[in-house]
Amino acid sequence: MGAVPSTPRWGSTSAARPLDTAEYLIATFVGDQSFPISSDYWQKLLDLPLHLHWPPDRVQQACEALAQNNCKTRHLAKLLIHLAWCLQEAISTSGGPSLVYGKAVNAVYISSVFLKYLIENAKSDKIEELYLSLDESEPMPTDITRDLNIEDFVMCSVLTFIGSIDVSPDTYLLHLELLNFTLIAMSTQLLSGPSPGPEDVNPFLDAAMSQENSLVMLVVRRLLLNYITGPSIPLNSASYSIFSEGSHPGVLQRVSSAAANFMLLPFNFLVSSSGEGSRRLLADCSLHVLLILTHYHKCVVGNEPITDKSNDTTTSNSLLKGSRYFSDNPYCKALEHATDVEFDRVDTEGNAHSGSVLRLPFASLFDTLGMYLSDEAAALLLYSLLQGNADFLEYVLVRTDLDTLLMPILEALYDAPKRTSNQIYMLLIILLILSQDSSFNASIHKLILPSVPWYKERLLHQTSLGSLMVITLIRTVQYNLSKLRDVYLHTTCLATLANMAPHVHRLSAYASQRLVSLFDMLSRKYNKLAEVRNNQMTLAKGNSIEDDTSTEMHIYTDFLRLVLEILNAILTYALPRNPEVVYAIMHRQEVFQPFRNHPRFNELIENIYTVLDFFNSRMDAQTTDGEWSVEKVLQVIIINCRSWRGEGMKMFTQLRFTYEQESHPEEFFIPYLWQLVLSRCGISFNPGAINLFPIDQPSEKQSGYEVVSDNHVNGEVAKHAVFLDP
């Protein structure tokens with residue numbers, strides 16, 4: 001399509017065939033003739049019927065033409081202004097004629113297609129090719145104040161519609177396309193590097209951040225309600241009149257889907273699909289928009305001394321002129337301070353919280369997350385809520401049906417080979433956060449599972465949720481040893497087990513066996529490394545050497561000590577309640593013998609041998625007819641557990657690991673989120689324009705967190721973010 005249309009002239013459009021008219025109007029939009037924002041041309045463009053078709057090759061030509069002429073015509077900026085006006089009209093006539101929504105749908109369709117093309121084909125990282133302003137010769141419309149730019153104006157209207165208008169059969173398509181538009185407008189992040197910097201330009205994201213707090217809360221609430229309810233439209237609904245001729249996809253739908261594989265558009269998707277996919281389309285898109293909004297932090301260079309109050313502490317840090325800092329995110333704060341609709345939070349003085357707060361149905365949110373935790377975006381939302389919102393964390397911890405959340409998490413970890421390493425990290429961090437609470441660690445052992453159908457290696461009947469969690473975490477460590485070999489994943493699994501250990505109650509036989517086998521497995525790896533190390537030292541003939549083997553030996557020394565700490569915590573604080581653990585240690589007692597004189601392990605090993613000596617002596621004092629059976633041995637252990645007093649045991653400080661997010665988590669989350677969005681929403685972005693993450697291989701920054709141990713392991717793992725309380 002060129003700048004000069006071959007279709008009827010402007011004056012004859014009303015008598016022309018609709019397809020010719022549509023082609024003429026869009027050709028005019030991308031051409032080199034500039035139409036004032038007040039021209040009636042814009043109304044004709046937005047009144048196009050939705051059932052017309054347009055060839056894909058014309059779409060690409062149209063995008064290229066607009067990219068060439070937009071600097072002169074400023075048609076994209078004018079269209080965005082008309083989009084905002086259409087939305088304002090739709091808001092003011094809510095429940096009115098569907099023609100209003102049809103115009104708004106047309107405006108957002110065309111805006112999305114051309115905005116996406118211009119973003120992904122920008123020749124500079126400053127997005128100057130968008131030309132989000134009117135020419136100096138054209139006055140700004142009176143309803144756009146001098147201090148309000150076009151991106152602020154349009155984002156305010158988009159977010160106001162999303163936040164204030166209910167989803168219904170009449171508004172569903174417009175809601176969905178506005179969410180798609182928002183994702184496209186925020187995709188300027190893809191052009192920036194993986195570490196946010198002050199030179200990054202994200203005009204629409206920054207505009208979203210500048211909105212009034214009341215609107216921010218409306219938007220967060222609506223996006224979460226969309227996710228919870230999963231609103232859908234009834235297929236073949238007569239009330240969905242903007243679809244015009246039923247099964248025919250519209251001209252702008254064709255434009256959208258054809259422009260560089262823009263995305264699956266709602267009507268095409270709904271008429272060709274059925275079931276959960278169509279029901280969750282708006283829900284999933286809402287979640288992606290919410291996650292990107294809540295994880296954005298603008299990097300700013302201070303031009304004068306400022307005070308950083310982002311940590312909400314009584315002591316604030318003065319930032320010097322020229323230093324970098326990250327601006328507050330109102331969407332993140334709204335999510336962090338959300339409260340349950342069923343509960344009015346009262347402070348210690350008995351006074352209700354002042355000011356407006358976001359109120360959400362925590363029960364419905366809990367149930368929805370439990371249903372969809374196999375999806376990575378759902379896990380990210382759960383992480384954000386548990387890590388940032390104390391009220392939601394407290395709500396989760398008092399639920400008696402913790403299996404609603406834990407079972408899908410454990411099943412996903414069981415299927416680790418089918419998951420990304422980032423997803424495994426997020427699920428493990430969620431478990432670590434929950435394990436910080438002693439009531440959680442106690443309650444998971446009281447919940448008995450009749451069966452675990454997805455666990456294939458062994459038939460698990462009447463297993464406690466706590467035992468299943470121990471089994472799954474140990475299995476994850478084994479998988480990591482063979483595949484990922486990541487020290488932080490190991491440490492997170494073991495830290496969670498350490499938090500659980502003092503509260504273990506009636507750990508199953510299989511879980512107890514796996515716990516001892518974990519020590520055996522790590523010890524064999526340690527012994528192999530020690531053998532390699534000794535051979536290297538022999539070959540070096542006494543010369544000092546520094547190599548990876550030494551480093552790996554230090555790491556496995558820490559792992560072995562941590563497993564011994566876990567076993568000690570069970571034996572010290574919960575032995576009478578765990579005869580199966582005692583049996584497992586007695587059955588495999590030979591695995592501990594080689595480490596009895598190891599300087600890092602000897603005290604912990606001695607505690608284990610104190611237990612072994614006690615129960616072995618009781619076994620020796622028993623007389624039995626015939627051979628010892630498992631049942632007979634276990635019965636002797638159970639009887640003698642009652643008389644166990646812990647005499648001779650050396651008491652160690654009870655381990656307690658806590659999770660703390662990195663100071664700049666956006667460096668992990670923003671690339672991760674956009675990889676999810678591009679893979680799930682069907683947006684095919686120009687790979688050559690993506691700087692946020694590598695496009696030839698998955699972006700696998702090892703984690704959004706790091707791990708620290710305390711003096712108990714001599715500080716040999718000196719990182720930060722999973723902290724061990726003194």
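In which sort of crossing does α19 pass α22, left-handed or right-handed? Some notes on that and a few other spots follow.

1. First, the ground rules. This is a predicted model, where local features need pLDDT of at least 70, side-chain atom pairs count only at pLDDT 80 or more, and totals for chains, interfaces and linings use all residues. Residues are numbered from 1 along each chain as its sequence is written, and side-chain values use heavy atoms, with hydrogens and water left out.

2. On confidence: pLDDT is the predictor's confidence in each residue, from 0 to 100. The protein averages 81, and 78% of the residues score at least 70. Residues 347-354 stay under 50, and the model gives them three contacts beyond four places in sequence (contact means heavy atoms within 4.5 Å). Residues 697-726 are also below 50, yet this stretch has 88 contacts in the model beyond near neighbours in sequence. Where pLDDT is low, the predicted coordinates should not be read in detail.

3. The overall picture: there are 28 helices and 10 strands, taken as DSSP runs numbered from the N terminus (helices are H or I, at least four residues; strands are E, at least two). Of the 726 residues, 55% are buried; buried means under 20% relative accessible area, exposed over 50%, and partly exposed in between (1.4 Å probe, protein chains only).

4. Back to the opening question: α19 passes α22 in a left-handed crossing, meaning that the near helix is turned anticlockwise from the far one by less than a right angle (clockwise would be right-handed). On the α19 side, the contact includes Ile-424, Tyr-425 and Leu-428, while α22 brings Leu-489, Thr-492 and Cys-493 among others. Sorted by type, the residues of this contact come out as 10 nonpolar, four polar and no charged. Here Ala, Val, Leu, Ile, Met, Phe, Trp, Tyr, Cys and Pro count as nonpolar, Asp, Glu, Lys and Arg as charged, and the others, Gly among them, as polar.

5. Now for Ile-162, which sits in helix α6 (residues 150-164). Ile-162 is buried, with a relative accessible area of 2%. Leaving aside residues up to four places away in sequence, Ile-162 touches His-175, Leu-178, Leu-179, Thr-182, Arg-222 and Leu-223.

6. Lys-123 lies in the loop between α5 (98-120) and α6. Lys-123 is exposed, at 77% relative accessible area. Lys-123 and Ala-689 are 566 residues apart in sequence but 9.0 Å apart in space, C-alpha to C-alpha.
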